[in-house]
Amino acid sequence: MNASDSGLDFSFNRVAAMVRRYWYLLRSSWPRVLDLIYWPTVQMLMWGFLQLYVAQQGGGLFMRASGVFIGAVLLWDILFRGQLGFSISFLEEMWSHNLGNLMMSPLRPVEFIAALMIMSIVRLAIGMIPVTLLAFAFFGFNLWSLGLALAAFFVNLILTSWAIGIFVSGLLLRNGMGAESMAWTIMFLFLPLTCVYYPVTVLPWYLQYVAWSLPPTYVFEGMRALLIDHVFRADLMVEALAFNVVLFAAASFAFLKLLQSARVQGSLLQTGE
Amino acid sequence: MQFTAGLRSLKLVAVLRGLRFLRRSVTSGPRMDAQSTSAIAVDRLVKLYKGVAAVDGITFRLAPGSITGLLGGNGAGKTTTIAMIMGLVTPTSGTVSVLGARMPDERYRVLHRMNFESPYVALPMRLTVRQNLSVFAQLYAVADIDERIAALAADLDLGEFLDRPAGKLSAGQKTRVSLAKALLNRPEILLLDEPTASLDPDTADWVRERLEHYRRAQGATVLLASHNMTEVERLCERVIIMKKGRIEDDDTPQRLLARYGRETLEEVFLDVARGRAEQHEAAQ
């Protein structure tokens, strides 16, 4: 069996077709674009003002490191919105009953996933760039000043968000719209466990093991090290990357298995509830 | 007395079915030869869902350039059969081969040479017709996309709504657009699931005419699942009638009409659907 038979060959042209399809969709609907900016802005403003208030009350940590909360909320949004951007693009196919057309076209699963990844970055950029500028305008917090550290944070967070997005897409293929709520809620399980707003040491010892097995924990610890102690922890980023490679491989494997199961169960024919 | 007569009828039905099977086997020729020369070869295909047979051991072969109707009531197994031919559903047992590629394992060898149309899938509603066709043309690696869309728009009369969102089209317009999508890559194999469902008679007739035209012009192999007997009678040179996942009959429309002594395929279909076929065969 050659690469073409197994679906392992890759066409940038087909990926471009899918990206174009999502771009057309985004362009045709201003509420969709607004939705990308709305929640990150609300979140950033709320946490920003809370941080301001705590600092005014003499919070020692906040006096030392302004922007910990805003930084955390912005990085959390990269993680959360990255996964949501991936999953919503996938859900668009289910909502429009177009999945059958795609599954019976020459589009390979790997190309479909590549297009969803690109769209998650496009959606993230539309939502997050204005919010980072607002954070600077309102609270003087410049996320972009983190430079290379920001790039390392971003790469690790987006890899995790894609891995979760791939897994959720597999669940949707296998279980139909009954699994839709997973797309919206699964990432919230990471919120307490990856220690977005507090250090890992706050967790009970047994949960600390769980936390350290999740790549975003390393990123949020790294962010606090950078903002509070002004140290860039490259070791944490390398560890996060290693965990991400494992997570991404596991999610891809799960996706292919769920797709295979969907073909056996005939669930690709019924993509409704 | 009655019991003996019933037993005789049953034996007769069994003998008739055996003869029909033998006739089909003989005309189909050896399996390997037939598979290599068939556009679609379905062999002892079974699909079970939780132990229930949606498709129950069907075998048929479609010659290149032929147009075949797959008839059957709801739950007869038509859509599942088509889905297995497209590689969308994995068979429980048996094989499906399309243009020499075994489905679903080798589907990527042939998917670009196939296409399908069904009212149960839709094109993204917010994209315009042109955008939709252009995206699918790129997925199917169609050369000269704009030219192909223009040709299809002229052929299927899409010009008036080419730049309108797909969601704002009438049922008839949507069907024409779906047909355009199905013909984008000039498929050698065209699978159609209820292509004229929910269309008015005029539009349905128009769609049939275009399908007929395409098949003749391209020499494509067409498999058409339908409830619409007029459609099948008009378009198909061969009819496969399915019931409860099995093939109940398989012949040309003319021979079916003659064999059942009926004037329309609808009457033949009703005979098969209501189990009158066995009575009819027994009576003969």
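Modeller: Helix H6 (residues 171–183) of chain B packs against helix H7 (residues 201–218) of chain B at an angle of about 10°, and their axes are 10 Å apart. This is a predicted model, in which local features need pLDDT of at least 70 and side-chain atom pairs count only at pLDDT 80 or more, while totals for chains, interfaces and linings use all residues. Residues are numbered from 1 along each chain as its sequence is written, with chains lettered from A and ligands numbered from 1 in the order in which they are written.

Biologist: Why are H6(B) and H7(B) called roughly parallel to each other?

Modeller: Angles run from 0 to 180 degrees between N-to-C directions, along lines fitted to C-alpha atoms, for helices over the stretch in contact, and those under 35 degrees count as roughly parallel. The angle here is about 10°, and H6(B) and H7(B) are therefore roughly parallel.

Biologist: Which residues make the contact between H6(B) and H7(B)?

Modeller: Gly172(B), Thr175(B), Leu179(B) and Leu183(B) in H6(B) meet Thr203(B), Val207(B), Arg210(B) and Tyr214(B) in H7(B), a contact being C-beta atoms, placed from the backbone, that lie within 7 Å. The residues of this contact divide into four nonpolar, three polar and one charged.

Biologist: What makes Leu257(B) partly exposed?

Modeller: A residue is buried if 20 or more other C-beta atoms lie within 10 Å of its own, exposed if 12 or fewer, and partly exposed in between. Leu257(B) has 18 such atoms within 10 Å, so Leu257(B) is partly exposed. Leu257(B) has its place in helix H9 (residues 253–260) of chain B, and among the residues that Leu257(B) touches are Leu265(B) and Val268(B). The C-alpha atoms of Leu257(B) and Val268(B) are separated by 6.8 Å, although the two residues are 11 apart along the chain.

Biologist: Why do strand S2 (52–62) and strand S5 (101–103) of chain B count as standing at the edges?

Modeller: Two strands pair if DSSP finds at least two bridges between them. The open sheet has the order S2-S1-S4-S5 (chain B), with antiparallel pairing; S2 and S5 of chain B each have a single partner strand, so one side of each is left without a neighbour in the sheet.

Biologist: How do you know that strand S4 (residues 93–98) of chain B pairs with S5(B)?

Modeller: Three bridges join S4(B) to S5(B), and the cut-off is at least two, so the two strands pair. Ser97(B), for example, has Arg102(B) in S5(B) as its bridge partner.

Definitions and conventions:
Helices (H or I, at least four residues) and strands (E, at least two) are DSSP runs, numbered from the N terminus. Angles under 35 degrees count as roughly parallel, over 145 as roughly antiparallel, 65 to 115 as roughly perpendicular and the rest as oblique. Two residues are in contact if their C-beta atoms, placed from the backbone, lie within 7 Å. Ala, Val, Leu, Ile, Met, Phe, Trp, Tyr, Cys and Pro count as nonpolar, Asp, Glu, Lys and Arg as charged, and the others, Gly among them, as polar. Lists of a residue's contacts leave out its neighbours within four places in sequence.
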